[in-house]
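I opened this notebook to record what I looked up, one topic at a time.

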Amino acid sequence: MSAVTIDNVMKTYGDVVAVDSLTLEINNKEFVVLLGPSGCGKTTTLNMIAGLDVPTSGHIRFDGESVEHLPPEKRDISMVFQSIALYPHKSVYENIAFPLRMARGPKREIDSRVRSAAGLLRIEALLDRKPHQLSGGQRQRVALGRAVVRDPSVFLFDEPLSALDAKLRVDMRVEIKKLHERLGATFVYVTHDQVEALTMADRIAVIDGGRLQQYATPDEIYQRPANLIVAKFVGSPSMNFVPGRLIESAGKWRFAGEGLEVSLPEGLLDDPHRSGRSELILGIRPERAALGGTADGTGWVYATEPVGSDLFVDVTFDGPDTIDPRLFKIRTRPDLRLRSGEQVAVTLPLEHLYFFEPDGRRLWPRDGAA
Ligand SMILES: Nc1ncnc2c1ncn2[C@@H]1O[C@H](COP(=O)(O)OP(=O)(O)OP(=O)(O)O)[C@@H](O)[C@H]1O
Ligand SMILES: [Mg+2]
């Protein structure tokens, strides 16, 4: 068993700060996803957990014990990478057995462990084949088999699915999740794919520019993004953002953005820590905004994007003929028929509104509020 602690870790390469004051507690048997855009420091973080890279400062601990001085082979970990490095001339069986042969395990035990790993990944029938006789998904299963066979307490994954086609990725996502359930090991999984993160993780660490933005359950990350960076990165299509300002009208405060005006949720303005600036950014997810209704704004249909189960309507508030409009996406029923340029009412339910400060911090919903 292993809990992994990343304690105030910095990693710099010359002038480049790859990982910046990162602190994360990963519980024993937890499935944690490190999520963030390219170059945000995910692989660097994983490599420091693995022992392939050394922190510039800070500590990595396994079950409370500092491991910075331990080489990878002494850390009881297995790593699975994006590029699947199988030995082309070895059979699937020998590929899976390889780490055990290196460790000079007894033959009978090697055989039983290889077969049990193959069973777990449903590749028993492929054990005699060579890698070139396998599909991409099967090769990825063999790579997983090779990681599983050593029975480590921590599994480290670096974008293991990104080379697979979309359909296979969806299947393997479920496989890896089930693997975690069956193995009862700690999983640290790196991806820039927010859907992978949301579907698999117990907790997601959103990283941007080497810094931790939020560390929470998928539900919390989606429902209560800590800031604009997280709100933009998680959710597809992304949350809509409308910059605007607070205005007073008939003794009441309202928010006015481009083409929209909404009343404010009860309690939004009594934050003693707010400096009183009037600029804010309104956010609302495409599935929470609605066409028709009481109309908090009037826009024009710019384009429609049917995706089978839903229809995404791109609305612009910039006028019917704008060439480069800002788009506001609304998810709606797939059978709705709309013409480009058609005028539509847009309603933003108060209970689904987010507000962000100009510096990106979420102001509403307030932490601790229901
Ligand atoms: N050996 C190195 N020397 C110099 N800079 C490096 C080195 N390794 C990584 N970096 C830089 O550190 C930053 C983080 O890199 P890292 O590989 O951790 O990103 P990542 O989140 O894994 O990105 P990706 O999703 O593209 O794999 C990047 O700016 C990268 O250019
Ligand atoms: Mg990487």
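The entries below go from the whole chain to single residues.

**Ground rules**

I am reading a predicted model, where local features need pLDDT of at least 70, side-chain atom pairs count only at pLDDT 80 or more, and totals for chains, interfaces and linings use all residues. Residues are numbered from 1 along each chain as its sequence is written, while chains are lettered from A and ligands numbered from 1 in the order in which they are written.

**Overall**

I started with the extent of the protein. Its C-alpha trace spans about 85 × 45 × 40 Å along the principal axes. I found eight helices and 21 strands listed. These are DSSP runs numbered from the N terminus: helices are H or I with at least four residues, strands are E with at least two.

Next I checked burial. Of the 370 residues, 38% count as buried. I noted the scale: buried takes 20 or more other C-beta atoms within 10 Å of the residue's own, exposed takes 12 or fewer, and partly exposed lies in between, with C-beta atoms placed from the backbone.

Then I looked at contacts. Two residues are in contact if their C-beta atoms, placed from the backbone, lie within 7 Å. Among contacts between residues at least 6 apart in sequence, 65% join residues at least 24 apart.

**Two domains**

How is the protein divided? The domain assignment gives domain 1 (4-233) and domain 2 (241-364). Such bounds come from an automatic or database assignment. Their centres, taken over C-alpha atoms, are 39 Å apart. Six residues from domain 1 and seven residues from domain 2 make the contact. On the domain 1 side I read five nonpolar, one polar and no charged residues. The classes are these: Ala, Val, Leu, Ile, Met, Phe, Trp, Tyr, Cys and Pro count as nonpolar; Asp, Glu, Lys and Arg count as charged; the others, Gly among them, count as polar.

**A four-stranded sheet**

I traced an open, antiparallel sheet in the order β2-β1-β4-β5. Strands pair here if DSSP finds at least two bridges between them. β2 (16-26) and β5 (65-66) are the edges, each pairing on one side only. Seven bridges join β1 (residues 4-13) to β2 in the antiparallel sense. K11 has V19 of β2 as its bridge partner. Helix α1 (residues 42-50) packs on this sheet and touches β1, β2 and β4 (57-62), with its direction at about 120° to that of β1. Axes are lines fitted to C-alpha atoms, for helices over the stretch in contact, and angles run from 0 to 180 degrees between N-to-C directions.

**Around ligand 1**

Which residues are around ligand 1? I listed Y13, V16, A18, G36, S38, G39, C40, G41, K42, T43, T44 and H192. Near means that the C-beta atom, placed from the backbone, lies within 6 Å of the molecule. β2 and α1 each supply at least two residues of this shell. The largest share, three residues, comes from α1. By class, the shell has four nonpolar, seven polar and one charged residues.

**A six-stranded sheet**

I then followed a second open sheet, β6-β7-β8-β3-β9-β10, with mixed pairing. Its edge strands are β6 (77-80) and β10 (211-216). Neighbouring strands are turned by 15° against each other on average, direction ignored. β3 (residues 31-35) and β8 (residues 186-191) run parallel and share five bridges. F31 has F187 of β8 as its bridge partner.

**Single residues**

Is G244 buried or exposed? G244 is buried, because 21 other C-beta atoms lie within 10 Å. I placed G244 in strand β11 (residues 240-249). Beyond its neighbours within four places in sequence, G244 contacts F255, A256, G257, E258, L280 and L282.

S21 has a phi of about 50° and is found in β2. S21 is partly exposed, with 13 other C-beta atoms within 10 Å. D63 also has a phi of about 50°, but sits in the loop between β4 and β5. D63 is exposed, with 12 other C-beta atoms within 10 Å.

Last, I looked up cis peptide bonds. The bond from S236 to P237 is cis, with omega near -5°. P237 lies in the loop between α8 (228-233) and β11. The bond from W364 to P365 is cis, with omega near -5°. P365 lies in the segment after β21 (362-364).
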